[in-house]
Amino acid sequence: MEKLRIVIADDESIIRMDIREMLTEAGHMVVGEASNGRETLELVRKECPDLVIMDINMPEMDGITSAKLIGKEKLAPVLLLTAYSQQDIVEKAVQTGATGYLVKPVEEANLFPAIAVARTRWLDMQRLREDADKVEKDLEARKNVDRAKGILMDLLGITENDAYTRLRKYSMKKRISMESAAEAVIRDAQHRKNGGQHHGNGSKA
């Protein structure tokens, strides 16, 4: 298993100590400890750990709430600890976006497999988010290219194919992407619409 930077959060110091010993003996680094959910959130924001091991029941801010905020900010995977095995607690843990949970008492035989699962799920979620972001970016780029083609068609009275060819030639000439070329055309059109004078800095596609 890779060596991780880990934050431990539990309001019982003896539990934190036991977990810390198991982690350090396995070669992991405990970069911080917290005794309530609010302190945990601040610590995670500061340290950017590879994993957070956090109890559900803590003062000031419980682990469920803290895990939700950590997940919302995409800070780190969270392995939640609970003294209960009831289904409603497990469901709450899953709903927070936590990538795993472990029922106390924490034992070495259960801890490290749970860590591995939590990390794997987190990395999978990261890849899915990156893929979704790429799809969204590609879609926005296509929209800009279509918009730029429409501007050139209206401005020059040319066909869609001719507009695309002009846009492609401009991108090759300037050694920029089609998306950047499209953005230049759109900016130039907005400048013209706002009554600005064209000084030769526009697209000239």
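**A guided tour of the sheet and its helices**

Begin by selecting α5, which lies across β3, β4 and β5 and runs at about 165 degrees to β5; contact here means heavy atoms within 4.5 Å, and angles run from 0 to 180 degrees between N-to-C directions, with axes fitted to C-alpha atoms, for helices over the stretch in contact. Helices (H or I, at least four residues) and strands (E, at least two) are DSSP runs, numbered from the N terminus. The model is predicted: local features need pLDDT of at least 70, side-chain atom pairs count only at pLDDT 80 or more, and totals for chains, interfaces and linings use all residues. Residues are numbered from 1 along each chain as its sequence is written, and side-chain values use heavy atoms, leaving out hydrogens and water.

Next, select the sheet. Its five strands form an open sheet in the order β2-β1-β3-β4-β5, with parallel pairing; two strands pair if DSSP finds at least two bridges between them. The edge strands, β2 (29-34) and β5 (100-103), each pair on one side only. Select β4 (residues 78-82) together with β5: the two pair in the parallel sense over four bridges. Within this region, L81 has L102 in β5 as its bridge partner.

Now select α2, which lies across β1 (5-9), β2 and β3 (51-55) and runs at about 145 degrees to β2.
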